[in-house]
Amino acid sequence: MDINQITILASLVTGFATLTVAIFLAFQLKLQHRDSKKELELQLQERWDTGLKLIMDFNGSEGIDILTRGRKNLNLLKTENEKAILHMLSATSINTLMLKYSYGEQSGYDQERHIKEFLARSPGIRALYRDGRLRATFRDDHQVVLDKIVKSIDDEVGHDGILNLSSGYLH
């Protein structure tokens, strides 16, 4: 074997080794992406579960009662304390839904559907958002998204209306 043949053989071996490493790294990146997507889904679910626990911690059914009445109409809340509780519960819920919005592409969630469904069935929370106190708790980019969603719902059903969105469930 002359030097040229050895050089060609060495280049082939090096090229094959490089290709093997590239394939291995691509496979590892795919696994890492899948794992990070799963981790994101688990974090979002944990955040949602924490919000539900927060609701339940307000004397059991009292938190659910406040949320239910406040979602329908802010005027159904009797005290400023109840309005503060609704504000906190709403902010927690919407922040979690906005995480789904922000990371929907990576996690596989429909980016807008969940937040729109929540607000469409919550004229009291939309009123709380419109008066500015709830709106101020969100990042500027989230405010832009929420402003658009709240306006589209209000334009369709009015400030006190409930928009029932059709389910995407196939069966």
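Predicted model: local features only at pLDDT ≥ 70, side-chain atom pairs only at ≥ 80, totals over all residues.
1. **Overall make-up.** The chain has 7 helices and 0 strands. Read from the N terminus, the order of elements is α-α-α-α-α-α-α. The chain holds 171 residues, and 29% of them are buried. Its accessible surface is about 11,100 Å². Carbon and sulfur atoms account for 58% of that surface.

2. **Contacts along the chain.** Take the contacts between residues at least 6 apart in sequence. Of these, 66% join residues at least 24 apart.

3. **The largest nonpolar core.** This core has 26 residues. Those with the most contacts inside it are Leu-86, Ile-94, Ile-115, Leu-119, Ile-125, Leu-134 and Leu-146. Five elements are listed as giving two or more residues to the core: H2 (61-72), H3 (80-102), H5 (113-120), H6 (123-130) and H7 (140-157). H3 provides the largest share, 7 residues.

4. **A core residue to look at.** What does Leu-146 touch, not counting residues up to four places away in sequence? Its partners are Ile-94, Met-98, Ile-115, Leu-119, Tyr-129 and Phe-138. Among them, Ile-94, Ile-115 and Leu-119 are also on the list of residues with the most contacts inside the core.

5. **Helix H6.** Is H6 largely enclosed or open? Of its 8 residues, 6 are buried, so the helix is largely enclosed by the rest of the structure. The buried ones are Pro-123, Gly-124, Ile-125, Arg-126, Leu-128 and Tyr-129. Their cover includes H2, H3, H5 and H7. After H6 comes Gly-132, with a positive phi near 100°.

6. Asp-154 sits in helix H7. Its relative accessibility is 10%, so Asp-154 counts as buried. Beyond its neighbours within four places in sequence, Asp-154 contacts Arg-126, Arg-130 and His-159. One of these, Arg-126, is itself among the buried residues of H6.

7. **Salt bridges in total.** Side chains of opposite charge can pair when their charged atoms come close. The whole structure contains 11 salt bridges. The next points take some of them in turn.

8. **Lys-83 and Glu-80.** These two form a salt bridge, with the closest N and O atoms 3.8 Å apart. Both belong to helix H3; they are 3 residues apart, so about one helical turn separates them. Residues three or four places apart on an α-helix point the same way, because the helix has 3.6 residues a turn. Lys-83 is partly exposed at 24% relative accessibility. Glu-80 is exposed, at 56%.

9. **Arg-113 and Glu-117.** Helix H5 carries this pair, 4 residues apart, or about one turn. Glu-117 has 18%, which falls under the 20% limit for burial. Glu-117 is therefore buried.

10. **Asp-141 and Arg-139.** The side chains of these residues meet in a salt bridge, 2.7 Å from N to O. Both partners are partly exposed: Asp-141 has a relative accessible area of 41%, and Arg-139 is at 46%.

11. Through them, Asp-65, Arg-69 and Glu-82 are joined into one network.

Terms used. Residues numbered from 1 in each chain as written. Heavy atoms only, no water. Buried < 20%, exposed > 50% of the residue type's maximum accessible area, 1.4 Å probe, protein only. Contact = heavy atoms within 4.5 Å. Areas by Shrake-Rupley, 256 points an atom, 1.4 Å probe, with all protein chains shown as cover. Core = buried A, V, L, I, M, F, W, Y, C linked by side-chain atoms within 4.5 Å. Salt bridge = Lys/Arg side-chain N within 4 Å of Asp/Glu carboxyl O.
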